[in-house]
Amino acid sequence: MKITQERQKCIGCGSCAAVCPKYFFMADDGLASIVGGKMNGENMELEAEAADCAKESAEICPVQIIKVN
């Protein structure tokens, strides 16, 4: 499965990192990033074995910029 984050639209609220530190952290620039993720254009992506808490992060994100498929 793939976790995708539209990083340029992140508002830096930190909710994703709070509920899912396995996949998200707050970077030095104040925006959330995916642990081990790679930039693909304007999106950050990660191929993951299991969604675990990433789906919860997608649901809780106030700007709905996280997708898990």
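**Questions about a predicted chain**

Visitor: What share of the 69 residues of the protein chain counts as buried?
Guide: In the protein chain, 41% of the 69 residues count as buried, a word for under 20% relative accessible area, with exposed over 50% and partly exposed in between (1.4 Å probe, protein chains only). This is a predicted model, in which local features need pLDDT of at least 70, side-chain atom pairs count only at pLDDT 80 or more, and totals for chains, interfaces and linings use all residues. Residues are numbered from 1 along each chain as its sequence is written, and side-chain values use heavy atoms, without hydrogens and water.

Visitor: Why does the radius of gyration agree with a compact globule?
Guide: The rule is 2.2 Å times the number of residues to the power 0.38, and the radius is taken over C-alpha atoms. For 69 residues a compact globule would come near 11 Å, and the protein chain has 10 Å, so the two agree. The C-alpha trace spans about 30 × 25 × 20 Å along its principal axes.

Visitor: What makes a space in the structure a cavity?
Guide: On a 1 Å grid over the protein atoms alone, a cavity is a set of points where a 1.4 Å probe fits but cannot get out. Grid points are joined across faces, edges and corners, and a volume is the space filled by probe spheres set on the points. One cavity of 30 Å³ or more is found in the whole structure, and the largest cavity holds about 80 Å³.

Visitor: Which residues line the largest cavity nearest its centre?
Guide: Lining residues have an atom within 4 Å of a point. There are 14, with Cys10, Cys13, Cys16, Ala32 and Cys61 nearest the centre.

How values were computed
1 Å grid on protein atoms, 1.4 Å probe; cavity = no way out; pocket = protein on both sides within 12 Å on 5 of 7 lines; lining within 4 Å.
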